[in-house]
Amino acid sequence: MSSLWFILQALILKKYPAVLILLSFYCFFVTIQSGLASLILVKDPCAWSLKPNIGLFAVLYSAVVGTALRTSAVAWCLQRTGPVYVSMFKPLAVVVGDVIDVIFLGQVLHLGSLVGAAVIITGFYAVIWGKAREEKLHEDSGEGQWSESSSESTPLLQSAK
């Protein structure tokens, strides 16, 4: 669903480049969805109380860093590169999370994590290589010249001489 959201967000940002309004709507609807899911899944009313301790700090930090900054960075990247690059970095976060677990928390690194990381990184670089090659082919073929020299009265294949 995240990849579909990135594609939709890229299309919206091309036609309507007001990033803050788009992000506000995104955060609003995510809040509604999360609230409904939480009300259904968490039946204990004591779990909803926040005391001024580390729990309140964690909620505020998650709201500011986890939502606002991350979503702003994603929107900025979508405007510059498009949804393919942005959705590629989502699986890479799992690899970064595993590395942070090993370094800071002293977790044991399992073979499955290593194999998964290798597959993710290989796929990541394969997509980047493919996109770079695709862009080079578009530049070499002069695709931009075709769209400039063609007109509505000239068929597409005849305009590409």
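Reply: This is a predicted model.

Me: What volume does the largest cavity have?

Reply: The general idea is that rolling a probe the size of a water molecule over the atoms shows where empty space is left. In this structure, the volume of the largest cavity is about 30 Å³.

Me: Which residues line the largest cavity?

Reply: Its lining is made of Trp5, Phe6, Gln9, Tyr26, Arg70, Thr71 and Val74. Two elements give two or more residues to this lining, helix H1 (2-15) and helix H3 (54-81). By class, the lining of the largest cavity has four nonpolar residues, two polar and one charged.

Me: How much space lies in the largest pocket?

Reply: A pocket is an open set of points, whereas the probe cannot get out of a cavity. The largest pocket here holds about 710 Å³ of space.

Me: How many residues line the largest pocket, and which of them lie nearest its centre?

Reply: The lining has 23 residues, and those nearest the centre are Tyr26, Cys27, Val30, Thr31 and Ser34. H1, H2 and H3 are the elements that give two or more residues to the lining of this pocket. H2 supplies the largest share, 11 residues. Sorted by class, the lining of the largest pocket has 13 nonpolar, eight polar and two charged residues.

Me: Which residues line the second largest pocket?

Reply: They are Phe6, Leu69, Arg70, Ala73, Val74, Cys77, Val86, Phe89, Lys90 and Ala93. About 230 Å³ of space lies in this second largest pocket. H3 and helix H4 (83-105) each give at least two residues to its lining, and the largest share, five residues, comes from H3. The classes are eight nonpolar, no polar and two charged.

Me: Now the outside. Which residues form the nonpolar patch on the surface?

Reply: The patch is formed by Tyr16, Ile21, Phe25, Phe28, Phe29, Ile32, Leu36, Leu39, Ile40, Leu41, Val42 and Trp48. Together they have about 1300 Å² of accessible area.

Me: Where is Val42 found, and why does Val42 count as partly exposed?

Reply: Val42 is in the loop between helix H2 (19-41) and H3. Val42 counts as partly exposed because its relative accessibility is 33%.

Me: Is Val95 buried or exposed?

Reply: A residue is called buried when its relative accessible area is under 20%. Val95 has 11%, so Val95 is buried. Val95 lies in helix H4. The C-alpha atoms of Val95 and Ala118 are separated by 9.0 Å, with the two residues 23 apart along the chain.

Me: What share of the residues in the protein is buried?

Reply: The protein has 161 residues, and buried ones make up 13% of them.

Me: How many helices and strands does the secondary structure come to?

Reply: There are seven helices and zero strands. Along the sequence the pattern reads α-α-α-α-α-α-α.

Methods:
Residues are numbered from 1 along each chain as its sequence is written. This is a predicted model: local features need pLDDT of at least 70, side-chain atom pairs count only at pLDDT 80 or more; totals for chains, interfaces and linings use all residues. Side-chain values use heavy atoms; hydrogens and water are left out. On a 1 Å grid over the protein atoms alone, a cavity is a set of points where a 1.4 Å probe fits but cannot get out, and a pocket is an open set with protein on both sides within 12 Å along at least five of seven lines; lining residues have an atom within 4 Å of a point. Grid points are joined across faces, edges and corners, and a volume is the space filled by probe spheres set on the points. Helices (H or I, at least four residues) and strands (E, at least two) are DSSP runs, numbered from the N terminus. Ala, Val, Leu, Ile, Met, Phe, Trp, Tyr, Cys and Pro count as nonpolar, Asp, Glu, Lys and Arg as charged, and the others, Gly among them, as polar. Patches are made of residues with over 30% relative accessible area and no salt bridge: like charges are joined within 9 Å, nonpolar side chains (Val, Leu, Ile, Met, Phe, Trp, Tyr) within 5 Å. Accessible areas come from the Shrake-Rupley method with a 1.4 Å probe; for residues, only the protein chains shown count as cover. A salt bridge is a side-chain nitrogen of Lys or Arg within 4 Å of a carboxyl oxygen of Asp or Glu. Buried means under 20% relative accessible area, exposed over 50%, partly exposed in between (1.4 Å probe, protein chains only).
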